[in-house]
Amino acid sequence: MADTNIKNRTETVLKPARPPLHKVILLNDDFTPREFVVRLLKAEFRVPEAQAGIIMLTAHTKGACVVAVFTREVAEEKATRATDSARQHGYPLLFSTEPEE
Ligand code: TYC
């Protein structure tokens, strides 16, 4: 008969590791208008008006603020896209990315 004793068997099920997340960070500058920052956060990151205002003010007062977290590729793409959009409007606004601890 086949081995029917299922006692004492162990099985290791390996789950695929979750990809590490990266933060998109909004940096303050002295030139970009507040309203433009809020508009860009809403358009590029789909952040609601109230939250966009809080993120903008946090960056304005503290120097930087985390906007959102994504996989590395998506975070870099969104940061580049948002920064490019600011450049196209003539503003020095900068978004950067860094890995989440
Ligand atoms: N500091 C800018 C001003 O006073 C506004 C601003 C806020 C710019 C946040 C960038 O990430 C920023 N016009």
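Biologist: What percentage of the contacts in the chain with a separation of 6 or more comes from residues 24 or more positions apart?

Modeller: This is a predicted model, in which local features need pLDDT of at least 70 and side-chain atom pairs count only at pLDDT 80 or more, while totals for chains, interfaces and linings use all residues. Residues are numbered from 1 along each chain as its sequence is written, and side-chain values use heavy atoms, leaving out hydrogens and water. A contact is defined by heavy atoms within 4.5 Å. Among contacts in the chain with a separation of 6 or more, the share of residues 24 or more positions apart is 70%.

Biologist: In what order do the elements of the chain run from the N terminus?

Modeller: Helices (H or I, at least four residues) and strands (E, at least two) are DSSP runs, numbered from the N terminus. The chain holds three helices and three strands. From the N terminus on, their order is β-α-α-β-α-β.

Biologist: What is the radius of gyration of the chain?

Modeller: The radius is taken over C-alpha atoms, and the globule rule is 2.2 Å times the number of residues to the power 0.38. The C-alpha trace spans about 80 × 25 × 20 Å along its principal axes. For 101 residues the rule gives 13 Å, and the chain is more spread out than a compact globule because its value is well over that, at 22 Å.

Biologist: What percentage of the accessible surface of the chain belongs to carbon and sulfur atoms?

Modeller: Accessible areas come from the Shrake-Rupley method with a 1.4 Å probe, and for residues only the protein chains shown count as cover. The accessible surface of the chain comes to about 7500 Å². The part of this surface that belongs to carbon and sulfur atoms is 54%.

Biologist: How far apart do the centres of the positive and negative side chains lie?

Modeller: Lys and Arg count as positive and Asp and Glu as negative, without His and the chain ends. Each charge is placed at NZ of Lys, CZ of Arg, CG of Asp or CD of Glu. The chain has 14 positive and 14 negative side chains, and the distance between the centres of the two sets is 5 Å.

Biologist: Is A79 buried or exposed?

Modeller: Buried means under 20% relative accessible area, exposed over 50%, and partly exposed in between (1.4 Å probe, protein chains only). A79 is found in helix 3, where it touches V24, F95, S96 and T97, not counting residues up to four places away in sequence. At 4% relative accessibility, A79 counts as buried.

Biologist: What is the relative accessible area of V66?

Modeller: V66 lies in strand 2. Leaving aside residues up to four places away in sequence, V66 touches K23, V24, I25 and I55. V66 is partly exposed, with a relative accessible area of 41%.

Biologist: What distance separates the C-alpha atoms of K78 and K62?

Modeller: K78 is found in helix 3 and counts as partly exposed at 27% relative accessibility. Not counting residues up to four places away in sequence, K78 touches E44, F45 and F70. K62 is 16 residues away from K78 along the chain, and their C-alpha atoms are separated by 22 Å.

Biologist: Near what value is the phi of R46?

Modeller: R46 lies in the loop between helix 1 (34-45) and helix 2 (49-62), and at 69% relative accessibility R46 counts as exposed. Most residues other than glycine have a negative phi. R46 is a residue other than glycine with a positive phi, near 55°.
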